[in-house]
Amino acid sequence: MLKILIIIAQTLIIFALWHIDAKAGATYNLPFLSTHTNAVSYCWLSNTTTSTATAAFTVMSNNSSTSPSQTANSTNIYVSGKQSVLLTFTGQTIQSGSTLVNIASDTSGSSISYGLKIEITGNSVTCESLGMSCFQGTTNPRRNLAGYTCNDGNHYGF
């Protein structure tokens, strides 16, 4: 009986540790961005937790002759608890407020299509607690974008 209780306790501890680790962040995949100046994309990130989340960006694929390095760009882009931020994907930069992330080395060219991964880390960050909505274009109103996904280890959403 003691062995069964030990096995159950170990299983619960492993599950709890996995569950805590799975909730340490969320990954958004955007497969449809472009460096063309008429295809500017905007994404609102809304953090419903009380802690600050940090975003890192990785160009995963492109239609350029130069393959992306698939290395995350560490940034100073933060989403404070109970706040929203606007990310602007224009040309070869990603902007949030006055912070710019240069992705030119992974998107060489003025009309390059690319897929991007946004890794957002922070306490209690999940796809449900850090929502995102994206729009594209220079027209008014902007076109709503669909097709991006979110994965946090427990949830997979569109």
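What follows is a chat about how a few features of this predicted model get their labels.

User: Before we start, what are the ground rules here?

Analyst: It's a predicted model, so local features need pLDDT of at least 70 and side-chain atom pairs count only at pLDDT 80 or more, while totals for chains, interfaces and linings use all residues. Residues are numbered from 1 along each chain as its sequence is written, and side-chain values use heavy atoms, with hydrogens and water left out.

User: Why are Cys43 and Cys134 called buried?

Analyst: Buried means under 20% relative accessible area (exposed is over 50%, partly exposed in between, with a 1.4 Å probe and protein chains only). Cys43 comes in at 0%, so it's buried, and Cys134 is also at 0%, so it gets the buried label too.

User: How many disulfides are there by this rule?

Analyst: The count comes to 2 disulfides. In the other bond, Cys127 and Cys150 have their sulfur atoms 2.1 Å apart. Its S-S torsion is about -95 degrees, so that disulfide is left-handed. Cys127 lies in the loop between E8 and E9, and Cys150 in strand E11 (residues 149-151), 23 residues apart. Cys127 has 13% relative accessibility, so it counts as buried, and Cys150 is buried as well, at 3%. Number the bonded cysteines in sequence order and the pairing reads 1-3, 2-4.

User: What makes Phe57 and Phe89 an edge-to-face pair?

Analyst: Rings of Phe, Tyr and Trp (its six-membered ring) pair if their centres lie within 6.5 Å; planes under 30 degrees apart are stacked, over 60 edge-to-face, and the rest tilted. For Phe57 and Phe89 the centres are 6.5 Å apart and the planes at 80 degrees, so edge-to-face it is. Phe57 belongs to strand E3 and Phe89 to strand E5 (residues 84-90), 32 residues apart. Phe57 is buried at 0%, and Phe89 counts as buried at 1%.

User: And why is the pair of Phe32 and Tyr148 called tilted?

Analyst: The search of the whole structure finds 2 aromatic pairs. Phe32 and Tyr148 are 6.4 Å centre to centre with 55 degrees between the planes, so the angle falls in the tilted range. Phe32 is in strand E1, and Tyr148 in the loop between strand E10 (143-144) and E11, 116 residues apart. Tyr148 counts as buried at 10% relative accessibility.

User: How do you know that E3 and E8 pair?

Analyst: Two strands pair if DSSP finds at least two bridges between them. Strand E3 (residues 53-62) and strand E8 (residues 113-121) have 8 bridges in the antiparallel sense, so they pass. Among the bridge partners are Ala55 with Ile120 and Ala56 with Glu119. Strand E1 (residues 25-34) also pairs with E8 over 8 antiparallel bridges, including Ser34 with Ser113.

User: What makes E4 and E12 edge strands?

Analyst: The open sheet of 6 strands runs E4-E3-E8-E1-E11-E12, with antiparallel pairing. E4 (73-79) and E12 (156-157) each have a single partner strand, so one side of each is left without a neighbour in the sheet.

How values were computed
Helices (H or I, at least four residues) and strands (E, at least two) are DSSP runs, numbered from the N terminus. A disulfide is a pair of cysteine sulfur atoms within 2.5 Å.
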